[in-house]
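Welcome! Take a look at the structure first, and then we will go through it together.

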Amino acid sequence: MICPVCKGLGEVDNPRYNNLPSWKVYEDGIPSRKKCRKCAGQGYILGNVSDAINLLNGAVTDNRGLTAKETKQLLNILNNYKNGIK
């Protein structure tokens, strides 16, 4: 399922970027965005089999194909299920 923190982007705003003066940010090379901790920068959280079924049902209902991101998510869910992580 899509990460609720970063909304599937994999990055969130960096609070240090806005709390420091611009010259300090530039000097220290602080980026404006940082990797989302909740999803480790992937944009989605590995769910369970019911998430995979919902994703597939949505694709079939809307009569559309799966994106590469959705396919990777399904593969990770199914691999975890196969390996006993439910």
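A residue is called buried when its relative accessible area is under 20%, and exposed when that value is over 50%. Please keep in mind that this is a predicted model. With those cut-offs in hand, Glu 70 counts as buried because its relative accessibility is 15%.

**Glu 70 and its surroundings**

- You can find Glu 70 in helix H4, which runs over residues 68–82.
- The side chain of Glu 70 makes a polar contact of 3.0 Å with the side chain of Arg 64.
- Beyond the neighbours within four places in sequence, the residues in contact with Glu 70 are Leu 55, Arg 64 and Gly 65.

**The helix as a whole**

- H4 is made of 15 residues, and from its first C-alpha to its last it reaches 21 Å.
- That reach is close to the 21 Å expected at 1.5 Å a residue.
- Just after H4 comes Gly 84, with a positive phi of about 95 degrees.

- Which residues of H4 are buried? They are Glu 70, Gln 73, Leu 74, Ile 77 and Asn 80.
- As background, an α-helix has 3.6 residues a turn, so residues three or four places apart point the same way.
- Helix H3 (49–61) is included in what covers the buried residues of H4.
- Ala 68 and Lys 82 are exposed, on the other side of H4.

How values were computed. Residues are numbered from 1 along each chain as its sequence is written. This is a predicted model: local features need pLDDT of at least 70, side-chain atom pairs count only at pLDDT 80 or more; totals for chains, interfaces and linings use all residues. Side-chain values use heavy atoms; hydrogens and water are left out. Helices (H or I, at least four residues) and strands (E, at least two) are DSSP runs, numbered from the N terminus. Buried means under 20% relative accessible area, exposed over 50%, partly exposed in between (1.4 Å probe, protein chains only). A polar contact is a pair of N or O atoms within 3.5 Å; within protein, one must be able to donate a hydrogen and the other to accept it, and residues adjacent in sequence count only if both atoms are side-chain atoms. Contact means heavy atoms within 4.5 Å. The expected span of a helix is 1.5 Å times one less than its number of residues.
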